[in-house]
Amino acid sequence: MTDPEIQLVDRGVARASSVQPRSITSADTFSDGLRAPWWRDLQEVVTDLWYHRDLLYQLTLRDVRIRYKQALMGFGWAVFMPTLIVLSGVLVRLAVANVGGRALATASVAEIAVKAIPWGFVVGALSFATTSLTGNGTLVSKIYFPREVLPLSAVLASAFDALIGSAVVLAALVFLGVTPAATQVWVLPIALLTFALTVAAALFVSCANLFFRDVKYIVQVFLTFGIFFTPVFFDPAMFGPRGAKLLMLNPVAPLLEGLRLSVVHGHDLLLPLVVTARGVPIVAWEPWYLAYSATWAIGGLV
């Protein structure tokens, strides 16, 4: 990091410098010497992060400034990636429509646009979070602070990108004919679950990259080809009854499908949805799909 960047982070470090490192004390163990239950550790981690919240803010601000201040396109990068995903998806859908002898529906473009934002957020957050610990060795060795702050700041910086892209997509949906509906309130819980799931994955891969440096290459491979195993360009129902269920095992898939159905098609996610393709009924949505993703998100964080 350059001197201005270190000074920016030092502001947060200075305000949190009175907090002592996490350690195992007599309060963390029982009288028989056994380790305290896991929820004691979790409470200590959350408390430590709260005391260092200003450092988290400064690191996030640093990442945002570095990403946009010295970039030729500036904030245009936050719009470029979702736009690229949408254009790629439109090409795929257009090819499928031509083979089937159909015209590309406007709703198909809206579906891809809605799913491009969360997918771009997941890819960007994990890309930066994977090397967040190894890339900040100077800061890590300088003073104590909860190391979870580093991958968290990478996720928050990507969330800032997603907010900018969401504003552009929201304007585009109006032109694509998507009208306001009561079911669109599902956007908020789905957004929170997507954030929680991404944070859990970011903490895991950043820690794994400390011990196995080829993790960052494995993550990039999965993120590059993961779009073909995630319903971004297509709908799970296109793969038939069994294929649709297998595709929804990806914990990101129910979140993307929930957005598509609630925002574009006005479907209440508390109700199941069955579609028919070539005369075969296919389960397109089940309420427990969202609970499945929530289990991955909450369980991963814990």
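Predicted model: local features only at pLDDT ≥ 70, side-chain atom pairs only at ≥ 80, totals over all residues.
Student: What is the mean pLDDT, then?
Tutor: The mean pLDDT of the chain is 84, and 86% of the residues reach 70 or more.

Student: Where does pLDDT stay under 50?
Tutor: Over residues 23-29. For that stretch the model has ten contacts beyond four places in sequence.

Student: OK, overall layout. How many helices and strands are there?
Tutor: The chain has twelve helices and two strands.

Student: What percentage of the residues is buried?
Tutor: Of the 302 residues in the chain, 43% are buried.

Student: And of the contacts between residues at least 6 apart in sequence, what percentage joins residues at least 24 apart?
Tutor: That figure is 73%.

Student: Let's do a helix. Which residues of α9 are buried?
Tutor: Helix α9 covers residues 215-225, and its buried residues are Val215, Val219 and Leu223. Viewed down the axis of α9, these buried residues fall within an arc of 70°, so they line one face of the helix.

Student: Staying with α8, is Thr198 buried or exposed?
Tutor: Thr198, which lies in helix α8, counts as buried because its relative accessibility is 3%.

Student: Which residues does Thr198 contact, leaving aside neighbours within four places?
Tutor: Thr198 is in contact with Phe121, Val122, Ala125, Leu126 and Val155. Take Leu126 from that list: Leu126 and Thr198 are 72 residues apart along the chain, yet their C-alpha atoms are separated by 7.3 Å.

Student: Now charged residues. Which helix holds Glu257?
Tutor: Glu257 is in α11, residues 253-264. With 0% relative accessibility, Glu257 counts as buried.

Student: What polar contacts does the Glu257 side chain make?
Tutor: One is with the side chain of Lys115, at 3.5 Å. Another, at 2.8 Å, joins Glu257 to the side chain of Arg260.

Student: What else does Glu257 touch, not counting residues up to four places away?
Tutor: Besides Lys115, Glu257 touches Pro231, Phe234, Asp235, Pro236, Met248 and Trp285.

Student: And Asp161, buried or exposed?
Tutor: Asp161 sits in helix α7, residues 149-175. Its relative accessible area is 15%, so Asp161 is buried, the cut-off being under 20%.

Student: Which contacts does Asp161 have beyond four places in sequence?
Tutor: Asp161 is in contact with Arg67, Tyr68 and Ala78.

Student: Switching to the strands. How many bridges join β1 to β2?
Tutor: Five bridges join β1 (residues 273-277) to β2 (residues 280-285). The two strands run antiparallel.

Student: How many residues lie between the strands of the hairpin?
Tutor: Two residues lie between β1 and β2. In this hairpin Arg278 takes a positive phi near 55°.

Student: Which residues is Ala284 in contact with, neighbours within four places aside?
Tutor: Ala284 is in contact with Leu261, Leu273, Val274, Val275 and Tyr289. Among these, Leu273, Val274 and Val275 fall in the range of β1, and Leu261 falls in that of α11.

Student: How far apart in space are Ala284 and Met238?
Tutor: They are 9.8 Å apart, C-alpha to C-alpha. Along the sequence, Ala284 and Met238 are 46 residues apart.

Technical notes:
Residues numbered from 1 in each chain as written. Heavy atoms only, no water. Buried < 20%, exposed > 50% of the residue type's maximum accessible area, 1.4 Å probe, protein only. Helix = DSSP H or I, 4+ residues; strand = E, 2+ residues; numbered from the N terminus. Arc of directions from axis to C-beta. Polar contact = N/O pair within 3.5 Å; in protein donor to acceptor, adjacent residues only side chain to side chain. Contact = heavy atoms within 4.5 Å. Pairing = 2+ DSSP bridges. pLDDT = per-residue confidence, 0-100.
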